[in-house]
Amino acid sequence: MVKRAAFPFLVKIEKSLIPGSPLINYVLLTTELLYRFQTYYFLGIDARPYTFSYSELRTATDDFSPSNKLGEGGFGPVYKGTLIDGRVIAVKQLSVASQQGNIQFVTEIATISSVQHRNLVKLYGCCTEGGKRLLVYEYLENGSLDHALFEQRSLNLDWSTRFDICMGIARGIAYLHEESRLRIVHRDVKASNILLDSDFIPKISDFGLAKLYDDKKTHLSTRVAGTYGYLAPEYAMRGHLTEKVDVFSFGVVALELVSGRPNADSSLEEEKLYLLEWAWHLHENERDIQLVDSKLSEYSEEEVKRVIGVGLLCSQASPMLRPSMSRVVAMLSGDAEVSTITSRPGYLSDWKFDDKTSFMSDIETEGIDTRPYNFTESTSMFDDSQPSPVLATVPMLQDSSIRE
Ligand SMILES: Nc1ncnc2c1ncn2[C@@H]1O[C@H](COP(=O)(O)OP(=O)(O)OP(=O)(O)O)[C@@H](O)[C@H]1O
Ligand SMILES: [Mg+2]
């Protein structure tokens, strides 16, 4: 006799059977078994991620109390909570509707949960009760890298911590791209998607999430998901999506780690406004070291130069000139030479925002935000409420049908 306790899904199937309807039950049962066979044997993953009940998550977060709110990104708010078993969690309420149906959504979550690495945030499971979409992650005590680096400066990340963070992020992305069973392009690598545990070990969050909103399997996506300042030019302009998009964003994060400033900062002088532009300017004048955060009293000059060199290589205009992430890991650890680059990317030398002959000077600009960038908000572009593409919160998922 089959021991049901050993096969929890049998108990779940049993619960969904309809009493007195043998034909419907037969169809339900065969569909479920076929589906499980297909996903388990062909994809090698358990078809069902752990599913939480809504009331379980409500209790854990104290009814999604505002005092437990950790923040809100492009997908929806995130709450801190504690499960009955004592695990501390972060619950993300997806407010942007996905076009995926329940089964597809749950399969995607199962896929994401099966991807595990020391430098990736653990996804404990999800909740889909009553059409709701919630994701349950492990809670990371030291929050996100952008807070640690740009806001909560009391954390005082010293150089060796920053270097280890940089290595950890590189290893996490290399795993996603090259080692995991399911190759994943993150599409939204940025400082706020790097979370830090109690030992400051970096964990990449939100990987696989953009896929929930992707309806195309080809590299040419109709929608761009990402954040201004971290977006590779070929992806922003043409939606051309390859793993080199993440390599570009990683390059920006690496330079942010060295400089302790966000990729764009309107409070700085014009020449320093854009981090990539400033880094290139210093590099061309052999003054790379001046990029180092003034808060860092001690650092290894050699390591700093390596990180800057890698950052500049990764942010090359041509995806082909950017290294793979495993090569980045080798270069950072000193196992491979950091190739020298001599020419600044075209997107920097060609984009002159101070061109006074621009047509914008001739038209009525009242009511239009002409700031080059929204520096404080850097959420993903999944919302279409912004008026101008110069804002960081502009939608990159433009299909209005995906919004609730
Ligand atoms: N697992 C977690 N542990 C601790 N804090 C978290 C966790 N997940 C998210 N947070 C916090 O919640 C905030 C919001 O996260 P969220 O991912 O929604 O936004 P984001 O990363 O700024 O933008 P995006 O939607 O593009 O990812 C983060 O800045 C982070 O501080
Ligand atoms: Mg995030």
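Helices (H or I, at least four residues) and strands (E, at least two) are DSSP runs, numbered from the N terminus. The model is predicted, and its local features need pLDDT of at least 70, while side-chain atom pairs count only at pLDDT 80 or more. Residues are numbered from 1 along each chain as its sequence is written.

**Exercise 1.** Locate E284 and state whether E284 is buried or exposed.

Solution. 
Step 1: E284 lies in helix 9, which covers residues 275-284.
Step 2: A residue is buried if 20 or more other C-beta atoms, placed from the backbone, lie within 10 Å of its own, exposed if 12 or fewer, and partly exposed in between.
Step 3: E284 has 12 other C-beta atoms within 10 Å and is therefore exposed.

**Exercise 2.** Describe how strand 4 and strand 5 pair.

Solution. 
Step 1: Two strands pair if DSSP finds at least two bridges between them.
Step 2: Strand 4 (residues 123-127) and strand 5 (residues 134-138) are joined by four bridges in the antiparallel sense.
Step 3: L123 has Y137 of strand 5 as its bridge partner.
Step 4: The hairpin has six residues between the strands, and G130 there takes a positive phi near 55°.

**Exercise 3.** Classify the packing of helix 6 against helix 11.

Solution. 
Step 1: For helix 6 (residues 159-179) and helix 11 (residues 325-333) the angle is about 155°, with the axes 8 Å apart.
Step 2: Angles under 35 degrees count as roughly parallel, over 145 as roughly antiparallel, 65 to 115 as roughly perpendicular and the rest as oblique.
Step 3: Helix 6 and helix 11 are therefore roughly antiparallel.

Note on methods. Chains lettered and ligands numbered in written order. Axes fitted to C-alpha atoms, helices over the stretch in contact; angles between N-to-C directions.
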